Amino acid sequence: MKSSRISGFYKLSFQERLNKVKEFANLTDEEVAFISKTGSLDMGVADRMIENVIGTFELPMGIATNFLIDGKDYLIPMVVEEPSVVAAASNAARMARAGGGFLTASTPPLMIGQIQLVDARNPHSTRHEILRNGDEIIKIANEQDPVLIKYGGGCRDIEVKVLNTVRGTMVIVHLVVDVRDAMGANAVNTMCEAVSSFIEEITGIKPRLRIVSNLAKFRLARAKAVFEGEVIGGDDVVEGILDAYEFARADPFRCATHNKGIMNGVSAVVIATGNDFRAVEAGAHSFAAMKGYKPLTTYEKDVKGNLVGTIEIPVAVGTVGGSTSVNPIAATCLKILGVKTADELSRVIAAVGLAQNFAALRALVAEGIQRGHMSLHARNVAMMAGATGEEVDRVVEILIKDGSIRIDRAREILEEMRSK
Ligand code: MEV
């Protein structure tokens, strides 16, 4: 009987770990080679990033072109497994250029850390005591990270709320922290832990959870673009996108997909820059749900008949610290982007989210999504069937003409082609 109970797995070398996995899962030598063959992220670095490392995992990285954001040109590295995403973003950015490109704005990089006090007998009095000692709490928080303070960041404010829960009344403290160019979770978590003994002293309650909130509602990035009616296919397309937008506003089933389309672009850049995509996803969807689940973008028609799109989204990303600094590809992606600060990166990401959403809506309204998807899908199928080089294009052409993009058909076509 094989067992997954492997004591001391973490102490083994990655080669030894891989051997254990090979044995457990009956891997072939070829499969083992796939896992252990690393690229620019070498095994030593990967081994220090997470635990129990046996290899690295690759994804395609594409470049979205045509982005003009606040008058500056950007090439956008995107890491994503889904066909059409990069092409769609580039296409939307090209259309936005005619209207002046994307114009952005943002709030300061403020993150929230939460400290939970349970069993508060006199919650309002507890709340008052915490607020009365706010300056001292901020002072203790700011003693934790001299580097952040040196760069102009630090704990700015505290908020205290009383929560009624089925486990009784809780008092929740928020530390509002300017994290500058960091993603900020580490800095905020350290501060939350550091202030908790003082909070216990003044309230008599030992804090339970002390952790960053991913609902980064104070760390917003905004972007706007004017898509000229003629450029995007005429008034029918403008009207169609407005209908699509209202559909998403009125229906959470559609809204989930609408926002997923935005995150196709957002997460691809977040991953390319080595940032925490789960944090950004959690932030985006929880922000969208603050007043009932709503789209992160808006669309209107201006007096000239152009479509005006906007986006407002929390983007908790960093340009220093974390895997951004450790992963050489992430650092290179930041160089390609040419962003100087986390704030600039967050605004670029917002622009990409808007572009991606516009592209999806336009495709859905104008031609249906499958046309673009299918040719890329057909390429994948052709390659899976074994087509190489020029064969790929020829197989794709026939698959699309047939209207049936199936691997068995691709194999058949390939066989026929090769037998001639
Ligand atoms: C697919 O990954 C994303 C879309 O479904 C987004 C949308 O429907 O708006 C095309």
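The legends below describe a predicted model of a protein chain with a ligand, in overview and in close-up views.

Local features are given where pLDDT is at least 70, side-chain atom pairs count only at pLDDT 80 or more, and totals for chains, interfaces and linings use all residues. Residues are numbered from 1 along each chain as its sequence is written, and side-chain values use heavy atoms, with hydrogens and water left out.

**View 1. The protein chain as a whole.** The protein chain has 18 helices and 10 strands; these are DSSP runs numbered from the N terminus, with helices (H or I) of at least four residues and strands (E) of at least two. Its C-alpha trace spans about 85 × 70 × 45 Å along the principal axes. Of its 420 residues, 45% count as buried, meaning under 20% relative accessible area with a 1.4 Å probe and protein chains only. Contact means heavy atoms within 4.5 Å. Among contacts with a separation of 6 or more, 70% are between residues 24 or more positions apart. The chain exposes about 21,600 Å², of which carbon and sulfur atoms supply 53%; accessible areas come from the Shrake-Rupley method with a 1.4 Å probe, and for residues only the protein chains shown count as cover.

**View 2. The shell around the ligand.** The ligand is surrounded by 10 residues, where a residue is near if one of its heavy atoms lies within 4 Å. The closest are Glu82, Arg254, Lys260, Asn264 and Leu364. Helix 11 (252–272) and helix 15 (342–366) each supply at least two residues of this shell, and helix 11 gives the largest share, six residues. By class, the shell has three nonpolar, four polar and three charged residues. Here Ala, Val, Leu, Ile, Met, Phe, Trp, Tyr, Cys and Pro count as nonpolar, Asp, Glu, Lys and Arg as charged, and the others, Gly among them, as polar.

**View 3. Polar side-chain atoms at the ligand.** Glu82 places a polar side-chain atom 2.6 Å from an oxygen atom of the ligand. For Lys260, the distance from a polar side-chain atom to a ligand oxygen is 2.7 Å, and for Asn264 it is 2.9 Å. The protein covers 87% of the 290 Å² of accessible area that the ligand has on its own.

**View 4. Gln356 and its contacts.** Gln356 lies in helix 15. Gln356 counts as buried because its relative accessibility is 4%. Leaving aside neighbours within four places in sequence, Gln356 is in contact with Met78, Val85, Ala88, Ala89, Gly261, Ile262, Asn264 and Gly265.

Note on methods:
Polar contact = N/O pair within 3.5 Å; in protein donor to acceptor, adjacent residues only side chain to side chain. Buried < 20%, exposed > 50% of the residue type's maximum accessible area, 1.4 Å probe, protein only.
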